[in-house]
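Hello,

Here is the structure you asked about. Have a look at it first, then read my notes below.

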Amino acid sequence: MAGGGGIGPTTGKAYPGELTGKVFITCIVAAMGGLIFGYDIGISGGVTSMPSFLKEFFPEVYKREALDKTTNQYCKFNSTTLTMFTSSLYLAALLASVIASTVTRKLGRRPSMLLGGCLFCTGGIINGFARNVAMLIIGRVFLGFGIGFANQSVPLYLSEMAPYKSRGALNISGGWGWRLSLVGAVLPAIIFIVGSLCLPDTPNSLIERGRHDEAKDRLQKIRGVALVDEEFNDMVAASEESKKVKHPWANLLRRKYRPQLTFATDIPFCQQMTGVNVIMFYAPVLFKTIGFGDEASLMSAVITGTVNCFSTLISIATVDKLGRRFLFLEGGIQMLIAQIVIAAAIGLKFGSNGNPGELPKWYASTVVAFICIFVSAFAWSWGPLGWLVPSEIFPLEVRSAAQSINVSVNMFFTFFIAQIFLPMLCAFKYGLFLFFAVFMIAMTIFIGFLFPETKGIPIEEMAGVWRKHWYWKKFVPSDDNKADGQPSRGGGGGGGGGGGDIEMS
């Protein structure tokens, strides 16, 4: 495909440093911020299929699902209240991400992570002791606030702490039954809170707050070498330039940031339009809708969760070897094939009324297998890369604002999909999978033609990627830093840049 590849880590500098044990442990603890989001997605999906939960909070859904034999199978879970329960989290996360941008920039990455953990913990406790739907939704809102802060700060923290050769792998590494499930969200949140208290702040954040000596000492420790002057000086220069920008939100609209802004908005949009949240969040609902019982439904959620976990490990092992583009493209093609097969299998057997009659075990196993194939493809491609790529391509002066946009777009479309999924399932039936398959085609073509490879490139040198790209080079000034071999002074160690000279608002 035209123009997407062919750009390797040949732009000049290669900062010294190794992946030290300190950095590895630090990044694993910080990655708990991603775990709280993943935990909530999986657990909440399982809870919505528990009869005891539905009977207590959503009796109309319980009656349709358990007692009413006349309602179309595709429409039994179509409830405005149930939809609000699931989607309220994402709306809260969207709002929180805007505030989190300022907190992350002014106070540092650690305070934002700590606040996110506390808010998420509060939401888990409220949900676990809920007595009515209002308490459930309030708890979900607190969970959303926590996720908004965590998703804003954690990707930046990981990108800034990791050496460039390992940046991809470290950034990716994120009755009473229903009460225990919901309150269980507190466990990863507590780990995240305690970890945030113990984690060191990033050198970039320390430099931004004028603590240069401490920042240099921190950089030496996390790189495992004493000779860090070149990288440190680039960070200081980037920080000085970033301070000239009084309005980072307005600065994001400058022409030279067009490539980064495009991917910071389009990647999270495409990530949600894969339909993965439909499968992961509503997996128990889907399995119950296509004829599986309660036990099989929850077991299927466990299976998809396990596949998701192991596939993410594959992504960690390959992202800095095979590259971002390869995983994006392979994952997109694999998900497209799985979507089509799932749609055909459900359509042929379940028809438009959702009643499969006697469902052969081999047929059910085939549906489960292709759902797992879909989940695995997402988990080693669009899932982790949707957070990694936006966090590594922006310069320091607009990085926090850009990450806020990335999180906001992601949460808005997650909210949007959660709102429309059940009505669309009722209306489109098995055709819903084909709806998302169309987007899979478009987004794979989009990546193939427009996304350059960023693996193995120091973030300070990321500007050269855009200047060499067949399309994006017309937006990034070729004389930004006199030569491609010079780092973008907007780079600063945590997000690549579209140029060095700061254009004032």
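The sulfur of C121 has its closest cysteine sulfur in C118, 7.3 Å away. A disulfide needs two cysteine sulfur atoms within 2.5 Å. So C121 is too far from C118 for a bond. Keep in mind that this is a predicted model.

Is C121 buried or exposed? C121 is buried, because its relative accessible area is 14% and the cut-off for buried is under 20%. C270 is buried too, at 9%.

Now for the cysteines that do pair. The whole structure holds one disulfide. C75 and C426 form it, with their sulfur atoms 1.9 Å apart. Which hand does this disulfide have? The torsion about its S-S bond is about 90°, so the disulfide is right-handed. Both partners sit under the cut-off for buried: C75 has a relative accessible area of 13%, and C426 has 19%.

Next, the overall picture. The chain has 505 residues, and 60% of them count as buried. Its accessible surface is about 18300 Å². Carbon and sulfur atoms account for 67% of that surface. The secondary structure is 24 helices and zero strands.

Helix α19 covers residues 324–350, which is 27 residues. At 1.5 Å a residue, α19 should span 39 Å. The C-alpha atoms at its ends are 38 Å apart, so the two values agree. Just after α19 comes G351, with a positive phi of about 60°.

Best wishes

Notes
Residues numbered from 1 in each chain as written. Predicted model: local features only at pLDDT ≥ 70, side-chain atom pairs only at ≥ 80, totals over all residues. Heavy atoms only, no water. Helix = DSSP H or I, 4+ residues; strand = E, 2+ residues; numbered from the N terminus. Buried < 20%, exposed > 50% of the residue type's maximum accessible area, 1.4 Å probe, protein only. Areas by Shrake-Rupley, 256 points an atom, 1.4 Å probe, with all protein chains shown as cover. Expected span 1.5 Å × (residues − 1).
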